[in-house]
Amino acid sequence: MTMPAPLSPEIPDVELVRRAQAGDLDAFEALTQRHEQRVYGLAMRMLRQEHDAEDITQQTFLSVLEHLDGFRGEASFSTWVLRIASHAALKLIRKRKGLPTVSLDETPDDDDIHAVPHPEYIADWRQSPEELIHQHEIQRLLDEALARLDEKHRLVFLLRDVEGLSVKEAAAALDLSEANVKVRLLRARLQLREHLTQTLGDPASRLIRSHHQHEH
Amino acid sequence: MKCEELLAMLNEYVDGTVNPAICEEFERHMAGCNPCQVVVDNIRKTITLYKNGEPYEIPAECRERLHDVLRKKWHEKHAAK
């Protein structure tokens, strides 16, 4: 079956939402087409399996359809969609792990900036991101590093640094405080840096940080 | 500023949301602390790589199944109204 041609890209999401709420299926399909790629990408990075990513994408848009009438535009439509997808992805991950599916609970250490791990492997990278991005193996390395993160840190990183949500939007999407989002983001960034630098860093330029704290 | 304090401000610095007075302190520290300089540079590059990495394309069949399911659900929902 062929996909309907997307409605004009100039029509903003809010207008498409209004039309879909009024019963226009084309508008709803256009909205889905605009956002399905991001949802699928987020789900793939969270779950790493096509089957699961498809499942999350379907669940997300079915939920969007179900709750569309109640959507009042407090957040942007895209943030709302990512919020639904995020919760669905976490729920599935926790189910897989046999954990209770109460999502995104704030644990006390998450707010503690001093519990953030210190950088261990410090070295300049041998190549620039521009050079690296075209290499086939790099995608695998990026995925592996992401997979090593705890899912709640991974999700914050993906929403903020890949999807481009602000800290405030990410906090709203995940029902977290902004302080909590910031600490999770810092942990995620530091852990990813650590992992990538172990592979991409130039051993000859490795710096050993003295353990006492010096002041300048 | 100590290395540890710099670490705590890293997000704000990298995202450009740190206030100017702290930014100045941050940069003064980095000028004299090579490890912190390298960590900040590594972090920027890490973010750049993820931002510009290959997106996962939704496979065509998956997309078609999605739209089929949604159309079906749409008609159910609107028939019930």
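**View 1. In H3(B), Phe26(B), His29(B), Met30(B) and Ala31(B) meet Asn34(B), Cys36(B), Gln37(B) and Val40(B) of H4(B).** A contact here means heavy atoms within 4.5 Å. Sorted by class, this one has five nonpolar residues, three polar ones and no charged ones. The classes work like this: Ala, Val, Leu, Ile, Met, Phe, Trp, Tyr, Cys and Pro are nonpolar, Asp, Glu, Lys and Arg are charged, and the others, Gly among them, are polar. Helix H3 covers residues 20-31 of chain B and helix H4 covers residues 34-52 of chain B; their axes come within 6 Å and cross at roughly 115°. Each axis is a line fitted to C-alpha atoms, for helices over the stretch in contact, with angles running from 0 to 180 degrees between N-to-C directions.

A quick word on what you're looking at. This is a predicted model, where local features need pLDDT of at least 70 and side-chain atom pairs count only at pLDDT 80 or more, while totals for chains, interfaces and linings use all residues. Residues are numbered from 1 along each chain as its sequence is written, chains are lettered from A and ligands numbered from 1 in the order in which they are written, and side-chain values use heavy atoms, with hydrogens and water left out.

**View 2. Here's chain A, with nine helices and zero strands.** Helices (H or I, at least four residues) and strands (E, at least two) are DSSP runs, numbered from the N terminus. Of the 216 residues in chain A, 50% are buried; buried means under 20% relative accessible area, exposed over 50%, and partly exposed in between (1.4 Å probe, protein chains only). Take the contacts in chain A between residues at least 6 apart in sequence: 70% of them join residues at least 24 apart.

**View 3. Helix H2 of chain A (residues 25-47) crosses helix H5 of chain B (residues 60-80) at roughly 140°, and their axes come within 11 Å.** That angle makes H2(A) oblique to H5(B); under 35 degrees counts as roughly parallel, over 145 as roughly antiparallel, 65 to 115 as roughly perpendicular, and the rest as oblique. On the H2(A) side, the residues in contact include Phe28(A), Glu36(A) and Tyr40(A), and H5(B) brings Leu66(B), Arg71(B) and Trp74(B), among others. The class tally for this contact is seven nonpolar, four polar and four charged residues.

**View 4. Arg65(B) is found in helix H5 of chain B.** With a relative accessible area of 40%, Arg65(B) is partly exposed. Setting aside neighbours within four places in sequence, Arg65(B) is in contact with Glu54(A) and Gln58(A).

View 5. Most residues other than glycine have a negative phi. Arg48(A) isn't a glycine, yet its phi is positive, about 65°.
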